[in-house]
Amino acid sequence: MVLFSSAFAQTAPAPAPASVAAPVPPTPSKVAAPAAAVTKPAEPVKPTAPAKPAEAVKAVAAVKPAEPVKPTEPVKPAPAAAVDAQAAPEDGAKKEEAAKKEAETKKAKVAAAPCIISEFRAIGMDTADGDLRRSKALKWLKKNGHGCSPQKLVAIRNNRSQWMGSADSTVVAAAVDSLVEEVTEGSPDAINLLYGTA
């Protein structure tokens, strides 16, 4: 048996010392690629809306050349009254009517005799006949009344019944009152004094 074990000992390989490590076969290692070499796959291109066709350019009408200016005669200015009448016919008519009325009033005042109240009073006191007194008073008012001031006409109105006596009537009163209205040009104060309750 001893023989056998020694023979076996010769043929069997001796174990490796414990201090020496057995060689390890190399394993494939993962080597990181450089960052520059890494590329991402390109994103797919998105389809875009089809382009609108361009609008057609409208043709511009040809500009006619300006006609040469023909020399004309200088324009004569129209009279002021005619221009006013054309610009505002209503205003012109109103102004014309007012001027006409004013001219008539001035003419009436020039033609009228001066208003002397003592003459009117004398007619009332000196004429005995009532009808004749009324007739003379109305003639005097017609002739001289437009030349009287409103104050004088009011004085005649206030004394009329005393001076005229039995000849005083609504006709004489109306003649005096209408003169007051004309002379005061329908002033509201005068109308109030004549017909108001104040």
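1. Which pattern does the chain follow when read along the sequence? In this predicted model, the chain follows α-α-α-α-α-α-α-α. The secondary structure accordingly comes to eight helices and zero strands.

2. On the chain as a whole, 15% of the 198 residues count as buried. The accessible surface is about 17100 Å², and carbon and sulfur atoms hold 62% of that area. For contacts between residues at least 6 apart in sequence, 63% join residues at least 24 apart.

3. The largest nonpolar core comprises 17 residues. Those with the most contacts inside this core are F120, W140, L141, C148, L153, I156 and M164. Helices α4, α5, α6 (150–164) and α7 (170–184) are the elements that each give two or more residues to the core.

4. Two aromatic pairs are present in the structure. In one of them, the ring centres of F120 and W140 lie 5.4 Å apart with the planes at 55 degrees, so the pair is tilted; the class edge-to-face would require an angle over 60 degrees. This pair links distant parts of the chain, with F120 in helix α4 (residues 117–126) and W140 in helix α5 (residues 130–144), 20 residues apart. F120 is buried at a relative accessible area of 0%, and W140 counts as buried at 7%. Ring pairs also bring W163 into a cluster with F120 and W140.

5. Which residues does I156 contact, leaving aside its neighbours within four places in sequence? The contacts of I156 are with I117, F120, W140, W163 and V176.

6. Within helix α5, D131 and R134 are three residues apart, about one turn of the helix, and their closest N and O atoms are 3.3 Å apart. D131 counts as exposed at 54% relative accessibility, whereas R134 is partly exposed at 24%.

7. R157 forms a salt bridge with D177, with the closest N and O atoms 2.7 Å apart. This pair links distant parts of the chain: R157 belongs to helix α6 and D177 to helix α7, 20 residues apart. D177 counts as buried because its relative accessibility of 11% is under 20%, while R157, at 25%, counts as partly exposed.

8. A further salt bridge joins the side chains of R160 and D168, at 2.7 Å from N to O. Here R160 counts as buried, at 14% relative accessibility, and D168 is partly exposed, with a relative accessible area of 21%.

Terms used. Residues are numbered from 1 along each chain as its sequence is written. This is a predicted model: local features need pLDDT of at least 70, side-chain atom pairs count only at pLDDT 80 or more; totals for chains, interfaces and linings use all residues. Side-chain values use heavy atoms; hydrogens and water are left out. Helices (H or I, at least four residues) and strands (E, at least two) are DSSP runs, numbered from the N terminus. Buried means under 20% relative accessible area, exposed over 50%, partly exposed in between (1.4 Å probe, protein chains only). Contact means heavy atoms within 4.5 Å. Accessible areas come from the Shrake-Rupley method with a 1.4 Å probe; for residues, only the protein chains shown count as cover. Rings of Phe, Tyr and Trp (its six-membered ring) pair if their centres lie within 6.5 Å; planes under 30 degrees apart count as stacked, over 60 as edge-to-face and the rest as tilted. A nonpolar core is a set of buried Ala, Val, Leu, Ile, Met, Phe, Trp, Tyr and Cys residues joined through side-chain atoms within 4.5 Å. A salt bridge is a side-chain nitrogen of Lys or Arg within 4 Å of a carboxyl oxygen of Asp or Glu.
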